Amino acid sequence: MLIGKSGKIPSSEMTPEGVYVNRREFIGKSAAVVAGASMGSGIGGSIGPENFQKDWSKVRSELDEELTPFDDVTSYNNFYEFGTGKSDPVRNAHTLRPRPWTIEVGGLCDNPGTYGLEDFIKPGNIEDRVYRMRCVEAWSMVIPWQGFSLKDVIDQAKPSGSARFVEFRTLHDLEQMPGQRYGVLRWPYVEGLRLDEARHPLTMLITGVYGKTLPNQNGAPIRLVVPWKYGFKGIKSIVSMRFLEQMPMNTWKRSASHEYGFYANVNPDVPHPRWSQARERRIGEFRRRRTLMFNGYADEVASLYSGMDLRTHY
Amino acid sequence: MRLIVLRLVTWFAGLMPTVWLVWRFLDDRLGANPIEEILHRLGDISLIFLLVTLAITPLRAVIGWNEIIKIRRPLGLFGFFYLTMHFLTYAVLDQTLDFEFIIEDVLERPYISIGFTAWILLIPLAITSTKGWIRRLGKRWKKLHRLAYVATIMGVVHFYWQVKADTYWPTLAAMLITVLMIYRIRSSRGRWRHKLGKLRTVDRG
């Protein structure tokens, strides 16, 4: 199933006209909302008319699955920089200052540079993507993100021939992220992708959710989303992107390499050493559901791993 | 008089967690993953009751109030009750009685194997908690009920193995059970009683 760019949603999936008039106008609005927010409003909270959320509730997801309610998406989070409980980030992330924000792009590339958010968030640049998100803890959500392809940034940076991986880092600031005072993980949070994974059309840098500016607890102001991998690959509050020759050491693999690997592809056949990955709790549902290979994106991504033993490269 | 108050407090403490969880359920305050929340809270609650139950005997020696031993049974039974609810939440709500998955979990996930075993070990203790059984078993009752320590240690290990990375609370629980174990081992050698006997110069009757 192809996740098309905005505008390619089959008409059967579209919401009635009165509710959701013009997709481009909607994108323009959400981009404007985000761009407006980048002018220094600070807290990544709710910006824009309230009916944005109601519009989304009527949008039939391209995946033909129920969207996870906004309140759940923004109050049930793993973001240890603000505490290890699921409800800690929504309570504690107000100390994060997502504007102004800069991202360093560097490493083995021809066009390194320091980017501000405004460089990425331009009207017409931001797309809607409704993705499944599967946490390694065996729960999942369906989330309507707003963002742009990571490939755009990579193309601009022009990685050199020897570059094979991209590494990302989260902000490291004990004042803004008090959870970093505790050594539950090594800080700053580091994640990475193989260059082909990074260039894949599904891989997105995300700046909004449900038509609103990305809330702090969801990784404001900009985070990675790689829907066919476990959620911990979706590094939040990114400040740095580097092109490397060697595979970066991602934080969870460093924390427990026999439990978390670099690839972290969703795979019901490879259990976590301590729990099964065969089923998942979709937030909002009562029965667990069977986990899908590559989180249901096998058609789009399986070819990246042909010939690889996914039990060894977990 | 003080005993009646103690019993009331014990029963209140025993029922409050249920009231609290039911209220949170009715008020939709269980968050986005209510089954997980209930499961984890019941785990916390049962571990707390088990640890408190094991703390009664040392507490009795330290404060010198013998009657306190009378709340040990209700506390232990509350612990067993909440542990049973914890297990049922897992089996009925989380796994929707899919026995294929439950059996695989119990056999193949060490933290679940040890947790399940801990619960199983406490069943005979719950059954033999009555006066009739105490009489019937005599000396063997005390030996049987030492399993309470084994089960609680298993519970702490279950907790430790279950958490993803934040070992703060399981470590704390491990320290508590260690202290309680040390007391128990030393007291069974008589030294502790002897030392406290010397300290208690005033009769608190």
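From the N terminus on, the elements of chain B run α-α-α-α-α-α-α-α-α-α, amounting to 10 helices and 0 strands, where helices (H or I, at least four residues) and strands (E, at least two) are DSSP runs numbered from the N terminus. The model is predicted, and local features need a pLDDT of at least 70, side-chain atom pairs count only at pLDDT 80 or more, and totals for chains, interfaces and linings use all residues. Residues are numbered from 1 along each chain as its sequence is written, while chains are lettered from A and ligands numbered from 1 in the order in which they are written.

Along the principal axes, the C-alpha atoms of chain B fill a box of roughly 55 × 40 × 35 Å. Among contacts in chain B between residues at least 6 apart in sequence, 64% join residues at least 24 apart, two residues being in contact if their C-beta atoms, placed from the backbone, lie within 7 Å.

Helix 9 of chain B (residues 168–187) has 20 residues that should span 28 Å at 1.5 Å a residue, and its end C-alpha atoms are 29 Å apart, which agrees; the expected span is 1.5 Å times one less than the number of residues. Within this helix, A173(B), I177(B) and L180(B) are buried. Seen down the axis of helix 9 of chain B, the buried residues fall within an arc of 60°, so they line one face of the helix, the arc being that of the directions from the helix axis to the C-beta atoms. An α-helix has 3.6 residues a turn, so residues three or four places apart point the same way. The face turned away from the buried side of helix 9 of chain B carries the exposed residues Y168(B), L172(B), M175(B), T178(B), I182(B) and I185(B). The buried residues of helix 9 pack against helix 2 (34–63) and helix 8 (147–162) of chain B.

Helix 8 of chain B, with 16 residues, should span 22 Å, and its end C-alpha atoms are 22 Å apart, in agreement. Its buried residues are A151(B), T152(B), M154(B), G155(B), V156(B), H158(B) and F159(B), and they pack against helix 2, helix 5 (110–127) and helix 9 of chain B. In helix 2 of chain B lies T57(B), which is partly exposed, with 16 other C-beta atoms within 10 Å. T57(B) and S187(B) are 130 residues apart in sequence and 10 Å apart in space, C-alpha to C-alpha.

Chain A comes to 9 helices and 12 strands, and buried residues make up 44% of its 314 residues. The mean pLDDT of chain A is 84, and 80% of its residues reach 70 or more, pLDDT being the predictor's confidence in each residue, from 0 to 100. Over residues 1–52 of chain A, however, pLDDT stays under 50. Between the chains, 18 residues of chain A are in contact with 13 residues of chain B. The residues on the side of chain A that touches chain B divide into 6 nonpolar, 5 polar and 7 charged, where Ala, Val, Leu, Ile, Met, Phe, Trp, Tyr, Cys and Pro count as nonpolar, Asp, Glu, Lys and Arg as charged, and the others, Gly among them, as polar.

Notes: Buried ≥ 20, exposed ≤ 12 C-beta atoms within 10 Å, placed from the backbone.
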